[in-house]
Amino acid sequence: MYHIALKMLLGNRSKYVVLVSGLTFATLLMTQQCAIFCGLMLWTTGSLQNMRSKIWVTDPKVEQVNEVRQLRDTDVGRVRSVEGTAWAVPLFWGLQQAKLANGTFKQIQLVGLESATLVGRPHQMVAGRIEDVRLPNAVVIDELAILRLSAGRAKPIGLGDTFEINDREARVVGVCRTAKSFFGMPYIFTTYDQALQFAPKTRKMLSFILAEPADGWTVEATARSIERTTGLRAYTEKDFFWATIRWYFRNTGIPMSFGITILLGFFVGVAVSGQTFYTFVLENLRHLGALKAMGASDGLLARMLILQALTVGLIGYGLGIGLTCLFGVLVLKKGEPPFMLPYQVPLGALGAVLFICIFAALLGIRQIRKLEPAIVFRG
Amino acid sequence: MAENKNNYAVHVRGVSKTFGSGLTAVAALKTVNFDAREGELLMIVGPSGCGKTTLLSTIAGTLQFDVGEIDVFGLALQKMTKSQTTTFRRQNIGFIFQEFHLIPALSAVENVSVPLLINGASRAIAEKKSHALLAQVGLEGRGHELPTNLSGGQQQRVAIARALVHEPRLIICDEPTSALDKENGARIMELLQRVARAPGRCVVVVTHDNRIFKYADRMTEMEDGRIARVHDIKDGQSPPFSPN
Ligand SMILES: Nc1ncnc2c1ncn2[C@@H]1O[C@H](COP(=O)(O)OP(=O)(O)OP(=O)(O)O)[C@@H](O)[C@H]1O
Ligand SMILES: [Mg+2]
């Protein structure tokens, strides 16, 4: 009887199209918005991806990676002497003003790497060598900086070109690739000591201490050891990542506004598909009644309805996910808007679509149970 | 299983059925006694609203009755649970409706195969048998057609094939010819007459259509929820009355 059920479904072309497109749209809306949200959350941890370190030591009050509370210079030495620490280096990180060739200003994220080790360096160089940041006034810029800092130049900014950071001349010795960050500002890498020269003087200039566990120590154990000994906060990379994401959940309206859109997608799916499937069942009630008179049990008819609902559900889901992936491919080429599709999102959407289908089928099944087979003799 | 008395296909004793309750109650069947025999085509006639469809529905097991006993080929309907009644219909009853009730999205062969599929047959076997049945009703080679591409008479023949395909013993027809012209009606009735004569079968036809009375072996006249008269009819003769 199951092929009969599918034929009945496909035989009603207009309902079938509405059902599939409703579920496609719901899937697209849910997964695409989730993916943008996940991408955005990933952006908030851009610094963690651009300056890799197993352990991040911060002021005890710091809750996320985009928040900087300066540490004392002596804290580096204190962390180095903690048991379980292989090494620890300072990192400067701060928003600074770059002055462009046409006289306008742009905000940049200045990163100062300890000059001996260059820990926290970008992983991928596109041009030049990272080691050259040790040269006087040298900086490595990212590809976004080429877009942002080239205004007023005949050619895009590149190796050997200069611009100003807070009235000091900076010379480009390399170009690197970075992950996008939430605030969308270019990353400029230099050495720690030169970063202190570029940045306006304040009493404390040390943003983070990057550390590595000693042999035989796990990152967690070393982090706890640092916290116990120094009273500073020591995040493992993973902890810092989730702490940052949690912070954005708690302190911004972003999850809420995305959540509303995602819920909207879900309810549109429920309403459109539930309603359409229900009218599909009502329109077929005469035939279902005839089947019932001919001895089809309620269970068989219910299974037929569930098959019909799941069929449109899975087709709509497949199309929706396909469209989301297409969107993702286009977006990842351009780099904007943010987009990340962890497997949990399609899985969750599948759950939602199945829920919608079962709900729609149940509405129909209720009608079937109430249906008197004797109606087939009535005109 | 009870013994099948006197070759009765259907044996109805003291059956009443009332729709609704209180002031709006309608007594559709009032202590009806009725029977149909194996190998006969029995017609039920009578004015509109006299309870013909109600009686047909009760013996087909699609409608529950209030009191009385109905035996169909020795099976006591009043003792059955709902799901037993469903199984009873599935195995024993062939339905032919005034409106044909073919499923428009299915081809003729698929429509005919439905009772077999409901009874658990495989698709291949069901469709093979359905093709054979369609050939028997004169629709050889039309199996792939959708109902909308068939004339009313052809659609009703598809419906007859569907009613016979699972070899039910009792075939129930409510106004099978009223949507058809004279010629098509006659063809349908000739078919049903042949079916009724097959051993162990019985065809019960409710009708208003006096053009087809001559096909009946016996005719049961209903009035106001009761059986008024039963007539035996000789081959080819008209009944000794004209209803309505
Ligand atoms: N489901 C129902 N609910 C309420 N009353 C009903 C129902 N079915 C039938 N009746 C009533 O029962 C009586 C008998 O109806 P039934 O349909 O059996 O008559 P009929 O002889 O088949 O009439 P017709 O020739 O018009 O088809 C009528 O008065 C009808 O209104
Ligand atoms: Mg009637």
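Let me start in chain A, where strand β2, residues 85-99, and strand β3, residues 105-113, run antiparallel and are joined by nine bridges. Before going further: this is a predicted model.

Staying with that pair, Trp93(A) is the residue that stands opposite Val111(A) in β3(A). The hairpin of β2(A) and β3(A) has five residues between the strands, and in it Gly103(A) takes a positive phi near 90°.

β3(A) has another partner to mention. Strand β8 of chain A, residues 187-191, pairs with β3(A) over five bridges, this time in the parallel sense. Here Val111(A) comes up again, standing opposite Phe189(A) in β8(A). So much for the sheet pairing; put together, Val111(A) faces Trp93(A) and also Phe189(A).

Now the ligand. Where does ligand 1 lie? Its place is between chains A and B. There are 13 residues around ligand 1, and the ones that come nearest are Ser48(B), Gly49(B), Lys52(B), Thr53(B) and Thr54(B).

α1(B) gives the most, with three residues. By residue type, the shell has five nonpolar members, six polar and two charged.

In the side chain of Ser48(B), an N or O atom is 2.4 Å from an oxygen atom of ligand 1. For Lys52(B), again through an N or O atom of the side chain, the distance to a ligand 1 oxygen is 2.7 Å. As for cover, ligand 1 on its own has 630 Å² of accessible area, and the protein covers 65% of that.

Last, chain B as a whole. The count of elements is six helices and ten strands. Chain B is as compact as a globular protein of its length, because its radius of gyration, 18 Å, is close to the 18 Å that the globule rule gives for 244 residues. The C-alpha trace of chain B spans about 50 × 40 × 40 Å along its principal axes. How many of the residues of chain B count as buried? The figure is 58% of the 244.

That is what I have for today.

Notes:
Residues numbered from 1 in each chain as written. Chains lettered and ligands numbered in written order. Predicted model: local features only at pLDDT ≥ 70, side-chain atom pairs only at ≥ 80, totals over all residues. Heavy atoms only, no water. Near = heavy atom within 4 Å. Polar contact = N/O pair within 3.5 Å; in protein donor to acceptor, adjacent residues only side chain to side chain. Areas by Shrake-Rupley, 256 points an atom, 1.4 Å probe, with all protein chains shown as cover. Helix = DSSP H or I, 4+ residues; strand = E, 2+ residues; numbered from the N terminus. Nonpolar A, V, L, I, M, F, W, Y, C, P; charged D, E, K, R; others polar. Pairing = 2+ DSSP bridges. Rg over C-alpha atoms; globule rule 2.2 N^0.38 Å. Buried < 20%, exposed > 50% of the residue type's maximum accessible area, 1.4 Å probe, protein only.
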